[in-house]
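Biologist: Could we go through this structure together, one feature at a time? I would like to hear the general idea before each case.

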2 protein chains.
Amino acid sequence: MAAAKEKKRRKSPKRQAVIEAATEEFLSRGFAGTSMDRVAEAANVSKRTVYDHFPSKDALFQAIVDEILMHVDDMPTHEYSREQALDEQLLAIGKSFADTITAKKFMKLSKVVIANFIQSPEWAPRTMNAYARLRRDMISFFKSGKKDGRLQIRNPEIAASQFCGLIKEIAFWPELMAGQKPVTSRERNAAVRDAVAMFLDHYATD
Amino acid sequence: MAAAKEKKRRKSPKRQAVIEAATEEFLSRGFAGTSMDRVAEAANVSKRTVYDHFPSKDALFQAIVDEILMHVDDMPTHEYSREQALDEQLLAIGKSFADTITAKKFMKLSKVVIANFIQSPEWAPRTMNAYARLRRDMISFFKSGKKDGRLQIRNPEIAASQFCGLIKEIAFWPELMAGQKPVTSRERNAAVRDAVAMFLDHYATD
DNA sequence: CACAAACTACACTACACAGTGTAGTTTTTT
DNA sequence: AAAAAACTACACTGTGTAGTGTAGTTTGTG
């Protein structure tokens, strides 16, 4: 629960090794399925060293989740443009969104994180936060489009949910659930195009 | 994995107690978080009795998952009608779908099952099967509407995904993830109405 | 070099849990 | 009443795992 104070160690070449090994383990075996002994072994490090850097399994897990969620910020931002065609803009947004959520790491992370929400709701907030970041751009885009009179949207947040839902149901959940079929980029792009078409049919003023 | 032969016991009043207790435990604590000792205790039954009825924890879990998934079949069926308005029909379908997936038991089950997909993909198939059942009606409805010329749908399966996605993103996932806010029936119905409106805007020939 | 931080090896505690074995008791069926 | 089935109490095995304690070794730095 606590995080207390970060133990700043002058230098610690093994720290990175631990993080990498733990990431691999957590993402492929889940939280419960990962043992600290195995992490240590995979990192070529003594178990004690693992605990010198991370006070507990929970802390290690958190550190890794946080690290991966940072990458969510790498998603390109999209500002609303008065000039460019709506469908082009929305297509770009949708593609960025789809690419981000279907990235291998994000996908695996989602599995682990989702699985652990159930038992440990303490972890939900900060993670949900990162997930919310994925929609921020979208929502403000819809707001702008609404103000600009090109979109007839009552509730931008709901609109964002709808847009995301259209994409995720096809490009995200099937892969996350079944685990097997990695949705091809062709299918993914088609899903985005369909979503844009449907969305604008409904919300665009024309 | 195995299921071997069902041990048919003449009468076993305690069997039901075990199932009920185990359901409660599994659905609130997850698979890993549930211990057979606690199940026995909660059922007011000796641990041995639990094992007399179910050879393993896995088997017990499976039995319970199967039992709950049976209820999916309780969802009312909707046949396409040439006469009735499309939006009315689709609204009914959407409502049934939304009600089914947001039912307390189904929701809790989904959490547990989804969490366990990750570590144990063996369990995926039969469960995915039940989930697929939820869309069957929808897909055949779209096919009928297409044949009847009232719906301009290229791919009924994708259309079903879209329709489901529109609803789930608002009425299902937020509750499943955050765990906190139980989506109100008002919000749920609104989500269905919005989905129908958007869907028909795009696919209805008019 | 000398000092401290980083690290190792390894033994060890403590616990939780799946599953079994058994001897004996209650309940149901015939 | 007698046999069979259902059930209990409880001890017990085995295993996996989080986390600690310690004594000693390596490595970077002033």
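Biologist: How many residues of chain A are in contact with how many residues of chain B?

Modeller: This is a predicted model, in which local features need pLDDT of at least 70 and side-chain atom pairs count only at pLDDT 80 or more, while totals for chains, interfaces and linings use all residues. Residues are numbered from 1 along each chain as its sequence is written, and chains are lettered from A and ligands numbered from 1 in the order in which they are written. Two residues are in contact if their C-beta atoms, placed from the backbone, lie within 7 Å; here 29 residues of chain A are in contact with 30 residues of chain B. At least two residues of that side of chain A come from each of helix 6 (104–119), helix 7 (124–147), helix 8 (156–171), helix 9 (173–178) and helix 10 (185–203), where helices are DSSP runs of H or I with at least four residues, numbered from the N terminus. Helix 8 of chain A gives the largest share, 9 residues.

Biologist: Where does helix 7 of chain A bend?

Modeller: A bend at a residue is the angle between axes fitted to the seven residues ending there and the seven starting there; for helix 7 of chain A the bend is about 35°, at Arg135(A). Just after helix 7 of chain A, Gly149(A) has a positive phi of about 85°.

Biologist: Which residues touch the most other members of the largest nonpolar core?

Modeller: In soluble globular proteins, nonpolar side chains tend to be buried together. A nonpolar core is a set of buried Ala, Val, Leu, Ile, Met, Phe, Trp, Tyr and Cys residues joined through C-beta atoms within 7 Å, and a residue is buried if 20 or more other C-beta atoms lie within 10 Å of its own. The largest core has 107 residues, and those touching the most other members are Phe163(A), Ile167(A), Ala195(A), Phe163(B), Ile167(B) and Ala195(B). Leaving aside neighbours within four places in sequence, Ala195(A) is in contact with Gly94(A), Phe163(A), Leu166(A) and Ile167(A).

Methods: A residue is buried if 20 or more other C-beta atoms lie within 10 Å of its own, exposed if 12 or fewer, and partly exposed in between; C-beta atoms are placed from the backbone.
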